[in-house]
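Hello,

Here is the structure for your files. My notes follow below it.

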Amino acid sequence: MKDCFVLQNVKLVNGSSVDIKVENKKIQNVVPAGTGNGGKAIDFKHKVIVSSGWIDMHVHAFPEFNPYGDEVDEIGYKTGVTTIVDAGSTGADRLPDLVNSCKKSKTNVFAFLNISRIGLKRIDELTDLSWLDEDALKGAIAEHKDFIIGLKARISKSVVGPNGVEPLKMARKFSKDTELPLMVHIGSGPPDINDVLDLLEKKDIITHYLNGKANNLFDEAGKPLPKLLDAIKRGVHLDVGHGNASFSFQTAEQAKEYGIHFDTISTDIYRKNRLHGPVYSMASVLSKFLYLGYPLKEVIDAVTVKAADWLNKPALGRISVGDLANLTLFSIEDEVTQLMDSEGEERTAEQNIVVKGVVINGEYIEC
Ligand code: ZN
Ligand code: ZN
């Protein structure tokens with residue numbers, strides 16, 4: 001009996017009210033509200049929405065690194081995110097340490113491996129091409145096959161120094177040799193964004209796609225670059241990666257106007273922007289997309305179905321009977337909230353997403 005509980009009177013994103021029974025850590029059934037029974041009852045009184053557990057595709061989860069580091073559970077289940085994907089905090093040198101620190105956490109973790117063996121030990125990790133060591137990279141992947149879901153390349157001026165797109169060309173070769181897709185961070189040039197776009201292929205991810213910098217994906221009138229449209233047609237995936245410097249309301253508004261929607265919404269969260277903003281949490285970032293006028297379903301799909309499908313782990317993105325229970329419980333509060341982007345611009349929102357609890361690998365935890 002002790003391993004059984006029922007989440008009563010919760011709403012699905014489509015609006016229907018259900019009871020969800022979790023037994024032996026798995027979803028036992030999803031039935032109309034008021035008809036679930038057995039085990040401990042937790043009543044949400046029709047005020048709380050449930051989705052499959054949120055997935056954040058871009059975080060920095062290696063606590064030893066500064067500034068881009070944090071504790072796994074602080075950016076994970078405690079904020080309603082049951083699965084995080086570390087975005088290349090570590091390269092081959094420190095990957096085993098990242099794996100070990102994740103083992104001590106409740107939150108589910110996967111990682112992109114930085115193409116630079118030093119990872120974010122320094123924040124100019126692609127200035128010395130000898131750090132792009134393919135043998136070390138392949139060795140790390142061989143040892144942690146289930147953990148590594150892609151390669152990370154940060155292709156902007158301060159990271160690549162004088163090397164332009166050369167690190168991205170090398171990343172392309174590593175990707176081909178390892179059959180792992182790339183997540184590419186974009187930002188200030190050089191290299192020119194058009195040269196970056198030319199090198200991206202189906203399944204690759206552009207993170208920071210709504211950044212407001214001069215070298216971004218939109219022209220001065222806010223229109224998407226032709227090469228961006230080509231990349232989307234090829235199957236390149238667009239990810240938010242909010243971060244300290246990479247989400248602009250103005251860019252986001254223009255992108256929406258031109259129909260350039262996100263595939264996944266991620267935070268690029270780490271200690272500083274969690275504690276001091278402008279990121280704070282996944283709920284805060286999702287609230288910004290509700291403010292922009294995206295429907296709730298599209299916003300939640302971006303951290304559930306879409307992310308899980310990209311990871312080739314579709315069960316992680318759906319509430320399905322028989323699966324290990326990973327769920328996020330949240331409400332939409334009618335309260336006036338000031339939201340700030342990475343440029344210091346503010347918007348006043350009327351609604352705010354608030355996390356109430358999670359079920360993580362079968363365990364219910366109130367947030
Ligand atoms: Zn970045
Ligand atoms: Zn990042």
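Is Glu253 buried, partly exposed or exposed? At 30% relative accessibility, Glu253 counts as partly exposed; here buried means under 20% relative accessible area, exposed over 50%, and partly exposed in between (1.4 Å probe, protein chains only).

This is a predicted model, in which local features need pLDDT of at least 70 and side-chain atom pairs count only at pLDDT 80 or more, while totals for chains, interfaces and linings use all residues. Residues are numbered from 1 along each chain as its sequence is written, chains are lettered from A and ligands numbered from 1 in the order in which they are written, and side-chain values use heavy atoms, with hydrogens and water left out.

Salt bridges

A salt bridge is a side-chain nitrogen of Lys or Arg within 4 Å of a carboxyl oxygen of Asp or Glu. The count by this rule is 21.

Glu253 pairs with Arg347 in one of these, with 3.0 Å between the closest N and O atoms. Glu253 sits in helix α8 (residues 249-257) and Arg347 in strand β14 (residues 346-360), 94 residues apart; helices (H or I, at least four residues) and strands (E, at least two) are DSSP runs, numbered from the N terminus. Arg347 is buried, at 14% relative accessible area.

Glu363 and Lys106 form another salt bridge, at 2.9 Å between the closest N and O atoms. Glu363 lies in strand β15 (residues 363-366) and Lys106 in the loop between α2 (95-103) and β8 (108-114), so the pair ties together parts 257 residues apart in sequence. Glu363 is partly exposed at 35%, and Lys106 is partly exposed at 36%.

Asp70, Glu74, Lys78 and Arg274 are joined in a network of salt bridges.

Zinc sites

Donors are N, O and S atoms within 2.8 Å of the metal (3.2 Å for Na, K and Ca); water is not among the atoms, so sites may look incomplete. The zinc ion (ligand 1) has His185 (ND1) and His208 (NE2) as protein donors, 2.0 to 2.1 Å away. Both His185 and His208 are buried. His58 and His60 are buried. The two zinc ions, ligand 1 and ligand 2, are 3.7 Å apart.

Cysteines

With a disulfide taken as a pair of cysteine sulfur atoms within 2.5 Å, the whole structure has zero disulfides. The sulfur of Cys367 is 19 Å from the closest cysteine sulfur, in Cys102, too far for a bond.

Regards
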